[in-house]
Amino acid sequence: MPPVTENRADSQQGFATRAIHAGQEPDPQTGAVVPPIHQVSTFKQDGVGGLRGGYEYSRSANPTRTALEECLAALEGGLRALAFASGLAAEDTLLRTVLSPGDHVVLPDDAYGGTYRLFARVLQRWGVEHTAAHMPDATAVAAVIQPGRTKLVWVETPSNPLLGVSDIAALAAVAHAAGALLVVDNTFASPYLQQPLALGADVVVHSTTKYLGGHSDVVGGALVVSDAELAQQLVFHQNAMGAVPGPFDSWLVLRGAKTLAVRMDRHCENARAVVALLKDHPEVSQVFWPGLPEHDGHEVAARQMRDFGGMVSFRVRGGLDAALRVCAATRIFTLAESLGGVESLIEHPGKMTHASVAGSALEVPADLVRLSVGIEDIEDLLHDLEQALAAAKG
Ligand SMILES: *Cc1c(COP(=O)(O)O)cnc(C)c1O
């Protein structure tokens, strides 16, 4: 078994301090202030079984990955974090650790497309059933729970792409009353804006590809838990299934995490200004952002989040073609999938990220445009959106 390193960070320290120091002691041999990239597969043993630092083979554990895992555990206030090669690899490892054939799960009716596909096209074949529910309504979630069979409730908040907000504490109560685990995909909020474990969640999932990495230069995922037994089971499956990130990818995510707090503050501030522009724009019929007082989830978001995030979606009055014209007309907002990087991105969920849910209950409006508001100068971003919206009319 690889060593289980538990969260040793000083929980009294502030978020930004933990992001920069947790798991990142200066290298004891050289004094290097940044954890080295241990680009190595195997470790010399001093006699059979004589491991120097507990490391024997990098699938089981690698020091650069350990540094990242300790940092992520500290940022989410968890006992143990585990890093993976992608967000979906983290999800797959979690699901095949805690679920068995015959089990049932409750999924959001606006789940991330890849998560939905994993349940509908992969896990279903292994005998795991799912029901989609409107997660902001905890009563509706309780109504679809199958006593004895439902083992897991999955929620993303804010959700993708409609920025729905769900009450994590209320869902934890519903899940726990049925003996199920509550899993929160915290990718959109990041641990800086929201800490689900403290609100009662059992597992936090991240695509570290997004805000945690923050620079659109790495694909990665993570799980964070506070229960020691669940942590042990996940460590076993992480090694047994092998979907681990390499040392360099681990290092890139760790490097990104150091600036998460300052980046998120700017993402939120820029999103607030973008929303103000979209709200009053004649080509825009509806804006989705949890910071808007009229947003259905505004009160819950204000209670469980530090700020409202950098993701903004809106509907274009002219319909599908007008929405596609806006997506094609931006110059600074780059037309691309993904989110959470320093650069602003624009996309059409119906034809891009959410194409795989067309025709299902999870289908998104055809006139919807999603923005990942970056941290460029806000004047430039607003100017770019103004000129792109002028193209909506065609
Ligand atoms: C991107 C994303 C994932 C999947 O992560 P990958 O790193 O692409 O595998 C899961 N959930 C959400 C909310 C995401 O945005």
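Where is Pro161 found? In this predicted model, Pro161 belongs to the loop between strand 4 and helix 6.

**The loop and its cis peptide bonds**

Strand 4 covers residues 150–156, helix 6 covers residues 168–177, and Pro158 lies in the loop between them. Pro158 is joined to Thr157 by a cis peptide bond, with omega at about -10°. Pro161 is also on a cis peptide bond, which links it to Asn160 and has an omega of about 5°. Most peptide bonds are trans.

**A positive phi**

Ser190 is part of helix 7, which runs over residues 190–193. The phi of Ser190 is near 70°, a positive value in a residue that is not glycine. Most residues other than glycine have a negative phi.

**The ligand and its surroundings**

The ligand is surrounded by 13 residues. Gly87, Asp185, Ser207, Thr209 and Lys210 are the closest of them. Sorted by class, the shell around the ligand holds four nonpolar, six polar and three charged residues. Helix 3, made of residues 87–98, gives the largest share of this shell, namely three residues.

| Residue | Part of the residue | Distance to a ligand oxygen atom |
|---|---|---|
| Leu88 | backbone N or O atom | 2.9 Å |
| Thr209 | side-chain N or O atom | 2.8 Å |
| Lys210 | polar side-chain atom | 2.7 Å |

Leu88, in contrast, takes part through a backbone atom. How much of the ligand's accessible area does the protein cover? On its own the ligand has 380 Å² of accessible area, and the protein covers 92% of this.

**Two pairs of helices**

Helix 3, which supplies three residues to the ligand shell, also packs against helix 8, residues 228–241. The axes of these two helices are 9 Å apart, and the angle between them is about 120°. Because of this angle, helix 3 counts as oblique to helix 8. Their crossing is right-handed.

The second pair is helix 10 (residues 260–279) and helix 13 (residues 378–389). Their axes come within 10 Å and cross at roughly 30°. Are helix 10 and helix 13 roughly parallel or roughly antiparallel to each other? An angle under 35 degrees counts as roughly parallel, so helix 10 and helix 13 are roughly parallel to each other. Helix 10 passes helix 13 in a right-handed crossing.

How values were computed: Residues are numbered from 1 along each chain as its sequence is written. This is a predicted model: local features need pLDDT of at least 70, side-chain atom pairs count only at pLDDT 80 or more; totals for chains, interfaces and linings use all residues. Side-chain values use heavy atoms; hydrogens and water are left out. A residue is near a molecule or strand if one of its heavy atoms lies within 4 Å of it. A polar contact is a pair of N or O atoms within 3.5 Å; within protein, one must be able to donate a hydrogen and the other to accept it, and residues adjacent in sequence count only if both atoms are side-chain atoms. Accessible areas come from the Shrake-Rupley method with a 1.4 Å probe; for residues, only the protein chains shown count as cover. Helices (H or I, at least four residues) and strands (E, at least two) are DSSP runs, numbered from the N terminus. Ala, Val, Leu, Ile, Met, Phe, Trp, Tyr, Cys and Pro count as nonpolar, Asp, Glu, Lys and Arg as charged, and the others, Gly among them, as polar. Axes are lines fitted to C-alpha atoms, for helices over the stretch in contact, and angles run from 0 to 180 degrees between N-to-C directions. Angles under 35 degrees count as roughly parallel, over 145 as roughly antiparallel, 65 to 115 as roughly perpendicular and the rest as oblique. A crossing is left-handed if the near helix is turned anticlockwise from the far one by less than a right angle, and right-handed if clockwise.
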